[in-house]
Amino acid sequence: MKAVQYLDVESVRVGEVPDPELLTADDVLVRVTASAICGSDLHLYRGHIPGMSPGSIMGHEYVGTVAAVGDRVRQFQVGDRVVGTFHVACGACAQCRLGQYHQCAGGGVLGYGLAFGDYPGTQAEMVRVPYGDVNLRKIPDGLADEKAIFCGDILTTAYGAVRNSGLQPGERCAVIGAGPVGLMAVMAARVMGAAEVYSIDRDPERAEATAAFGAIPIASSRTNPVRRIMQATDGLGADVVIEAVGGPQTLALAFQLVRGGGRIAAVGVTAETEWSYPLMTALTRDITFRVGLANIHRDIDATMKLVQAGRLDPSSVISHRLPLEGAPEGYRLFHEQRATKVLLTI
Ligand SMILES: [Zn+2]
Ligand SMILES: [Zn+2]
């Protein structure tokens with residue numbers, strides 16, 4: 001089969017690899033119909049995450065149809081349309097039984113290298129999904145692939161961050177970063193009842209584009225975002241800040257934007273291992289800070305229903321649709337910030 005393979009820093013290719021096979025009775029083989037390039041794939045592409053060996057298959061956002069099921073699989077049959085979660089979980093360990101699927105002892109991330117379970121990725125014609133009953137969901141009839149695919153990663157990641165922030169109806173929310181996850185966070189915050197959502201991005205074009213998603217845009221290269229948010233909130237600050245970039249500067253900005261007693265949920269993926277926490281600010285201003293990767297399994301059923309009901313339309317972030325063979329170009333466009341979201345159709 002054809003698959004997108006990591007070769008080296010800023011180098012991927014579409015190569016011919018052996019078809020995957022069922023390795024355990026819990027496995028499901030999925031014939032992939034679409035796989036998106038995620039912002040976290042760019043961390044691999046840029047060589048920020050160690051553990052990708054040359055030739056390994058990339059990708060973790062996908063939809064497809066079931067091609068084969070292991071003997072213990074109960075929920076799926078050949079031909080079912082499915083969306084998968086980007087992180088895989090066993091469903092049976094102590095963490096999974098607590099509902100903490102993102103902390104699964106035997107879990108990992110598809111297509112993310114040795115440190116994340118060494119699972120082949122989804123930017124391929126076929127993928128083996130371990131613990132299929134746990135890590136797949138059927139796509140309801142009438143729900144397009146282009147919408148369902150985002151429930152397996154970025155939409156649910158953003159929705160989970162907003163949920164983790166404890167956003168209450170009528171609150172004011174600032175979202176830092178207008179990349180795909182930031183845009184999804186804008187949509188999620190609105191659906192969850194935010195009175196106003198401010199979207200902050202350095203790039204004026206990216207910031208302005210968030211108005212179409214219902215945000216009040218702030219281009220931080222032109223407008224001081226702290227001053228702007230303080231003006232808009234009578235000097236209070238945002239009740240909730242969602243940090244969707246990752247890294248020390250935007251985390252520090254979140255502490256400047258949030259009101260005393262407010263909450264920050266950071267979901268941007270970062271390659272930094274340490275960061276100087278503003279302890280005195282957090283103490284005296286009573287700020288709740290939460291950081292963590294998404295627990296997709298916790299929220300995917302909710303986001304699927306919201307998408308099916310038409311209350312969230314994540315497909316509006318797609319800027320490029322390319323065939324699998326176009327993956328090297330897709331990675332380049334996304335890397336150079338010339339694409340908002342690239343969907344590879346297979
Ligand atoms: Zn992702
Ligand atoms: Zn587990």
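Two residues are said to be in contact if their C-beta atoms, placed from the backbone, lie within 7 Å. The model described here is a predicted one, in which local features need pLDDT of at least 70 and side-chain atom pairs count only at pLDDT 80 or more, while totals for chains, interfaces and linings use all residues. Residues are numbered from 1 along each chain as its sequence is written, and chains are lettered from A and ligands numbered from 1 in the order in which they are written.

The protein is assigned domain 1 (2-153 + 295-345) and domain 2 (156-291), with bounds that come from an automatic or database domain assignment. The centres of the two domains, taken over C-alpha atoms, are 27 Å apart, and 20 residues of domain 1 are in contact with 14 residues of domain 2. On the side of domain 1 that touches domain 2, helix 1 (39-45) and helix 11 (296-308) each supply at least two residues, and helix 11 gives the most, with 6 residues. Helices (H or I, at least four residues) and strands (E, at least two) are DSSP runs, numbered from the N terminus. The residues on this side of domain 1 divide into 8 nonpolar, 7 polar and 5 charged, where Ala, Val, Leu, Ile, Met, Phe, Trp, Tyr, Cys and Pro count as nonpolar, Asp, Glu, Lys and Arg as charged, and the others, Gly among them, as polar.

We turn next to single elements. A residue is buried if 20 or more other C-beta atoms lie within 10 Å of its own, exposed if 12 or fewer, and partly exposed in between, with C-beta atoms placed from the backbone. In helix 12 (residues 327-335), the buried residues are Ala327, Gly330, Tyr331 and Phe334; seen down the helix axis, they fall within an arc of 100 degrees (the arc of the directions from the axis to the C-beta atoms), so they line one face of helix 12. These buried residues are covered by elements including strand 1 (2-8), strand 3 (28-37) and helix 1.

Strand 3 also pairs with strand 8 in the antiparallel sense, over 4 bridges, two strands being paired if DSSP finds at least two bridges between them. Within strand 8 (residues 126-129), Met126 and Arg128 point one way and Val127 and Val129 the other way, and all are buried; arginine 128 is the bridge partner of leucine 29.

Helix 9 (residues 248-257) has the buried residues Thr250, Leu251, Ala254 and Leu257, which cover an arc of only 120 degrees around the axis and are therefore on the same side of helix 9. The face turned away from that buried side carries the exposed residues Pro248 and Gln249, whereas the buried residues pack against strand 10 (172-176), helix 8 (225-232), strand 13 (238-243) and strand 14 (258-266).

The last topic is the nonpolar core, a set of buried Ala, Val, Leu, Ile, Met, Phe, Trp, Tyr and Cys residues joined through C-beta atoms within 7 Å. The largest such core has 109 residues, of which Ala158, Val175, Ala185 and Ile242 touch the most other members. Its largest share, 8 residues, comes from helix 6 (residues 180-191), and the core draws at least three residues from each of domain 1 and domain 2. Leaving aside neighbours within four places in sequence, valine 175 is in contact with residues that include Ala185, Val186, Ala189 and Ile242.
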